[in-house]
Structure formats: structure tokens, C-alpha cells
Amino acid sequence: MKIDRDALSALCALDDKDLWAALVRAGESKGLSLPAATPPHEEMEKIRALLRSPEKTDPTEAMKLLRRLRGR
């Protein structure tokens with residue numbers, strides 16, 4: 001899979017609300033349900049860190065973050 005760094009940079013530049021809305025839409029398109037409410041800013045910064053360095057992302061840590069956000 002090829003990573004589109006420009007698309008990831010554009011996502012990272014969005015404010016928290018718009019980034020979360022984009023992630024909710026992307027999740028829905030793949031059958032994943034995420035809460036509509038935007039997570040706290042600290043959590044959004046963790047998401048941005050994952051988006052900025054996808055090649056360094058530990059899939060296990062990414063899944064833990066996703067599970068935590070889905071359960072709030």
C-alpha cells in the first residue's frame with residue numbers, strides 16, 4: 001500500500017473537529033463506527049502523531065488508541 005503523504009499532511013492541518021469528522025467518515029466507509037463527539041485535544045494530537053509518521057506507527061498501539069476512542 002502506498003502512503004499519500006500529502007493527504008496525511010492535509011489531514012494533520014485540520015482543526016480537531018474537522019479531523020475527527022474526516023476520520024468518522026473514513027471509518028463509516030469501512031464499516032467502523034466511531035463516536036460523533038470529538039475526542040479531547042490530547043487524543044487528537046496522538047492521532048496526528050500517527051498520521052505524521054505512519055511508517056513508525058506500531059499497529060498494536062494504533063489499535064489500542066482506536067479501541068479507547070471507540071469506547072468513550
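**Figure 1. Ala26 of the predicted model is partly exposed, with a relative accessibility of 42%.** This value falls between the limits of 20% for buried and 50% for exposed residues, so Ala26 counts as partly exposed. Ala26 belongs to helix α2. The model shown here and in the views below is predicted.

**Figure 2. Met44 is a buried residue of the predicted model.** Met44 is part of helix α3. Its relative accessibility is 0%, and because buried means under 20%, Met44 counts as buried. Leaving aside residues up to four places away in sequence, Met44 touches Asp16, Leu19, Trp20, Thr38 and Pro39. Ser33 is 11 residues from Met44 in sequence, and their C-alpha atoms are 17 Å apart in space.

**Figure 3. The largest nonpolar core contains 11 residues.** Four helices each supply at least two residues of the core: α1 (5-13), α2 (16-29), α3 (41-52) and α4 (59-70).

**Figure 4. Helices α1 and α3 cross at roughly 165 degrees, and their axes come within 9 Å.** Angles over 145 degrees count as roughly antiparallel, and α1 is therefore roughly antiparallel to α3. The crossing of these two helices is left-handed. On the side of α1, the contact is made by Arg5, Leu8, Leu11 and Cys12. On the side of α3, Arg48, Leu51 and Arg52 take part. The residues of this contact comprise 4 nonpolar and 3 charged ones, with no polar residue. Cys12 touches Arg48, Leu51 and Arg52, when residues up to four places away in sequence are not counted.

**Figure 5. Helices α2 and α3 cross at roughly 60 degrees, and their axes come within 11 Å.** This angle makes α2 oblique to α3. The crossing of α2 and α3 is left-handed. Helix α2 contributes Asp16, Leu19, Trp20 and Leu23 to the contact. The residues from α3 are His41, Met44, Ile47, Arg48 and Leu51. Sorted by class, the contact of α2 with α3 holds 6 nonpolar residues, 1 polar residue and 2 charged residues.

**Figure 6. Helices α3 and α4 pack at an angle of about 150 degrees, with their axes 11 Å apart.** Because an angle over 145 degrees counts as roughly antiparallel, α3 and α4 are described as roughly antiparallel to each other. The crossing in which α3 passes α4 is left-handed. Glu43, Lys46, Ile47 and Leu50 of α3 meet Ala62, Leu65, Arg68 and Leu69 of α4 in this contact. The contact of α3 with α4 has 5 nonpolar and 3 charged residues, and no polar ones.

How values were computed: Residues numbered from 1 in each chain as written. Predicted model: local features only at pLDDT ≥ 70, side-chain atom pairs only at ≥ 80, totals over all residues. Heavy atoms only, no water. Core = buried A, V, L, I, M, F, W, Y, C linked by side-chain atoms within 4.5 Å. Buried < 20%, exposed > 50% of the residue type's maximum accessible area, 1.4 Å probe, protein only. Contact = heavy atoms within 4.5 Å. Axes fitted to C-alpha atoms, helices over the stretch in contact; angles between N-to-C directions. Parallel < 35°, antiparallel > 145°, perpendicular 65-115°, else oblique. Left-handed = near helix turned anticlockwise from the far one by under 90°. Nonpolar A, V, L, I, M, F, W, Y, C, P; charged D, E, K, R; others polar.
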